[in-house]
Amino acid sequence: TQRTLVLVKPDGVRRGLTGEVLRRIEAKGYTLVACELKQATRDMLAQHYAEHEGKPFYEPLVEFMLSGPVTAAVFEGERVIEGFRALAGATDPTVALPGTIRGDLGRDWGLKVQQNIVHGSDSEESSAREIAIWFPGLA
Ligand code: ATP
């Protein structure tokens, strides 16, 4: 069985969507293993978004992720990494399909960063790395 790291990003927390996001993941049948409201630090985000360093949206992305608290959660279940990414929908909320979190709830105001409500790990390797960043005490 897999684990994945989910973040409700600052836009989602500000808009009061934490409960709605967690509800959808639980309703799908995944198990909540850890959950905490956290203020990210630059150091955590440098590790979390290491693969994007140097891209044009990297600095705006880090500033956005520092703009308020995030809800960090770990979910467990069969193929939960792929399953959560299906629930989340495409990165760009404008084209994310209705029925997905980003398709139903996301906005795109032409900002420098896609403020797309959620993050989910994209592989077992990144989920292990990301869980260690956000929940260092979790076994
Ligand atoms: P996440 O990793 O947050 O689940 P993702 O895997 O769909 O999203 P990534 O390619 O990992 O997207 O990019 C990380 C985040 O950076 C995106 O969620 C989005 O907020 C932002 N982002 C990615 N690509 C762009 C882009 N071309 N323009 C603006 N923002 C972007």
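This is a predicted model: local features need pLDDT of at least 70, side-chain atom pairs count only at pLDDT 80 or more; totals for chains, interfaces and linings use all residues.
Colleague: Where in the fold is histidine 119?

Modeller: Histidine 119 is in strand S4, which covers residues 118-120.

Colleague: Is histidine 119 buried or exposed?

Modeller: Count the C-beta neighbours. A residue is buried if 20 or more other C-beta atoms lie within 10 Å of its own. Histidine 119 has 21 inside 10 Å, so it counts as buried.

Colleague: What does the UniProt annotation say of His119?

Modeller: The unreviewed UniProt entry gives "active site" for His119. Such annotations may be inferred rather than shown by experiment. The entry also lists "domain: Nucleoside diphosphate kinase-like" for residues 1-138. In the model, that span is 41% helix and 19% strand. Its end C-alpha atoms lie 16 Å apart.

Colleague: Which residues surround the ligand?

Modeller: The shell has Phe57, Leu61, Thr91, Val113, Gln114, Asn116, His119, Gly120 and Asp122. Sort a shell by class next. This one has 3 nonpolar, 5 polar and 1 charged residues.

Colleague: Take Val113 from that shell. Where is valine 113 placed, and what is it in contact with?

Modeller: Valine 113 is in the loop between H6 and S4. Leaving aside neighbours within four places in sequence, its contacts are Phe57, Pro60, Leu61 and Phe64. Phe57 and Leu61 also belong to the ligand shell.

Colleague: How many C-beta neighbours does valine 113 have inside 10 Å?

Modeller: It has 16, so valine 113 counts as partly exposed. For a sense of distance, take arginine 24. It is 89 residues from valine 113 along the chain, and the two C-alpha atoms are separated by 24 Å.

Colleague: Now the whole chain. What pattern does the chain follow along the sequence?

Modeller: Read the elements in order: β-α-α-β-α-α-β-α-α-β-α. The radius of gyration is 14 Å, close to the 14 Å that the globule rule gives for 139 residues, so the chain is as compact as a globular protein of that length. In total there are 7 helices and 4 strands. The C-alpha atoms fill a box of roughly 35 × 35 × 25 Å along the principal axes.

Colleague: Why look for a nonpolar core?

Modeller: In soluble globular proteins, nonpolar side chains tend to be buried together. In this chain, buried residues make up 34% of the 139 residues. The largest nonpolar core has 26 residues. Val6, Phe75 and Val118 have the most contacts inside it.

Colleague: Which elements each supply at least two residues of this core?

Modeller: Strands S1 (2-8) and S3 (70-77) do. So do helices H2 (18-27), H4 (58-66), H5 (80-88) and H6 (101-105). The largest share, 5 residues, comes from S3.

Colleague: What does valine 118 touch?

Modeller: Not counting residues up to four places away in sequence, valine 118 touches Val6, Leu7, Val8, Lys9, Gly12, Val21, Ala88 and Ile101. Val6 and Leu7 are also contacts of histidine 119.

Colleague: And leucine 87: where is it placed, and what is it in contact with?

Modeller: Leucine 87 is in helix H5. With 21 other C-beta atoms within 10 Å, it is buried. Its contacts, leaving aside neighbours within four places, are Arg24, Ile25, Lys28, Thr100 and Ile101. Glycine 103 is 16 residues away in sequence and 9.6 Å away in space, C-alpha to C-alpha.

Colleague: Last, the backbone. Which residue other than glycine has a positive phi near 70°?

Modeller: Isoleucine 117. It lies in the loop between H6 and S4. With 27 C-beta neighbours inside 10 Å, isoleucine 117 counts as buried. Arginine 79 also has a positive phi, about 55°, although it is not a glycine. Its place is in the loop between S3 and H5. Arginine 79 is exposed, with 12 other C-beta atoms within 10 Å.

Note on methods. Residues are numbered from 1 along each chain as its sequence is written. The radius of gyration is taken over C-alpha atoms; the globule rule is 2.2 Å times the number of residues to the power 0.38. A residue is near a molecule or strand if its C-beta atom, placed from the backbone, lies within 6 Å of it. Ala, Val, Leu, Ile, Met, Phe, Trp, Tyr, Cys and Pro count as nonpolar, Asp, Glu, Lys and Arg as charged, and the others, Gly among them, as polar. A nonpolar core is a set of buried Ala, Val, Leu, Ile, Met, Phe, Trp, Tyr and Cys residues joined through C-beta atoms within 7 Å. Two residues are in contact if their C-beta atoms, placed from the backbone, lie within 7 Å.
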